[in-house]
Amino acid sequence: MPYEQKISRQKPGLVVAVLDDSPSMKETLTGTSDARYLWVSRLFGIILKELLARSTDMKGNGVVIKPRYHLLVIRYGSYPEVWGGEILNIEKAVEKYSSEGGSLDLCGGISGTDTRVALELAYDHLKHAVKEQRFKDSFPPMVFHLSDGESHTDASAVAHKIMNLSTTDGNVLLANAYIGTQTNLAYGGPEDFTGYATESEAGPSEDNLRLFNMSSSIPASIRQNLISDGIFPNLRHNARLFFDVRTKEMLKQTIQVVGSLGSRADRTKE
């Protein structure tokens, strides 16, 4: 079964965050008092914090950060830009994030919304990364696209090109986090979250449907870990890596179970 490689310094993981910073992200998220871009910032913070925790060890009386993860961050509106200019190992990413005041300077300030060009840039980096010595035998890269889904371009074709890339352990995984709550899937919390498995659940918005269809199916190994650990005990086998802000913890939990063991086990090695 694919998606079983453990993360290590020798076989590090690559996480790509594609962040919508277009003008529509200035709008208030329905049911809250915060702008949508603030939710993107929070979700990114969850991802960064988890990757750092997964890369930190105690040595004597000190803390050692081991570069088990690398991070590529792309912000976009009508054009994309790479935060830091390149793929950064987790230590360098955290140093940069901290030096900038714990912020990516998101503000909904990049005019227009071109999801296609943003994912094309991600694809250009990924098609080389999966062939690199450091990543080619690693757990496949995971792409987290955080957006309200409102784009003037259709990124479906390039999204499927991304999902067709692979390492020796499986295909690249593309997760779409919908910065909103207006879907047809009713659930109260993690205990009854079944995952989004059909278009009718992800809709009714056409933007939502596009994001849903651009999302990878949850690999059996990740699904089983989520169920076994009691995180999402009712997650269906045909669910997609598509979430709304009500399931923001799913982003963290999906990263937590990367590898062949569950989230309470030691999932990394040197």
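Student: In which loop is Pro 204 found?

Tutor: This is a predicted model, and in it Pro 204 is found in the loop between α5, which covers 199-202, and α6, which covers 206-213. The peptide bond leading from Gly 203 to Pro 204 is cis, and its omega is near 15 degrees. Another backbone detail is found at Tyr 3, which has a positive phi of about 65 degrees although it is not a glycine; the place of Tyr 3 is in the segment before β1, the strand that spans 13-20.

Turning to the helix pairs, helix α1 (residues 36-54) and helix α2 (residues 90-99) pack at an angle of about 135 degrees, and their axes are 10 Å apart. With that angle, α1 and α2 are therefore oblique to each other, and α1 passes α2 in a left-handed crossing. On the α1 side the contact is made by Phe 44, Gly 45, Leu 48, Leu 51 and Leu 52, while α2 contributes Ile 90, Ala 93, Val 94 and Tyr 97. Sorted by class, the residues of this contact of α1 with α2 comprise 8 nonpolar, 1 polar and no charged.

The second pair is formed by helix α3 (residues 115-129) and helix α4 (residues 156-164), whose axes come within 9 Å and cross at roughly 20 degrees. Angles under 35 degrees count as roughly parallel, and α3 and α4 are therefore roughly parallel to each other. From α3, the contact takes in Arg 116, Leu 119, Glu 120, Ala 122, Tyr 123 and Leu 126, and from α4 it takes in Val 158, Ala 159, Lys 161 and Ile 162. These residues of the contact of α3 with α4 divide into 7 nonpolar, no polar and 3 charged.

Finally, there is the largest pocket, in which about 170 Å³ of space lies. The largest pocket has a lining of 14 residues, and of these Arg 36, Asp 148, Glu 150, Tyr 178 and Gln 182 lie nearest its centre. By class, the lining of the largest pocket is made up of 4 nonpolar, 6 polar and 4 charged residues.

Conventions:
Residues numbered from 1 in each chain as written. Predicted model: local features only at pLDDT ≥ 70, side-chain atom pairs only at ≥ 80, totals over all residues. Heavy atoms only, no water. Axes fitted to C-alpha atoms, helices over the stretch in contact; angles between N-to-C directions. Helix = DSSP H or I, 4+ residues; strand = E, 2+ residues; numbered from the N terminus. Parallel < 35°, antiparallel > 145°, perpendicular 65-115°, else oblique. Contact = heavy atoms within 4.5 Å. Nonpolar A, V, L, I, M, F, W, Y, C, P; charged D, E, K, R; others polar. Left-handed = near helix turned anticlockwise from the far one by under 90°. 1 Å grid on protein atoms, 1.4 Å probe; cavity = no way out; pocket = protein on both sides within 12 Å on 5 of 7 lines; lining within 4 Å. Points joined across faces, edges and corners; volume = space filled by probe spheres on them.
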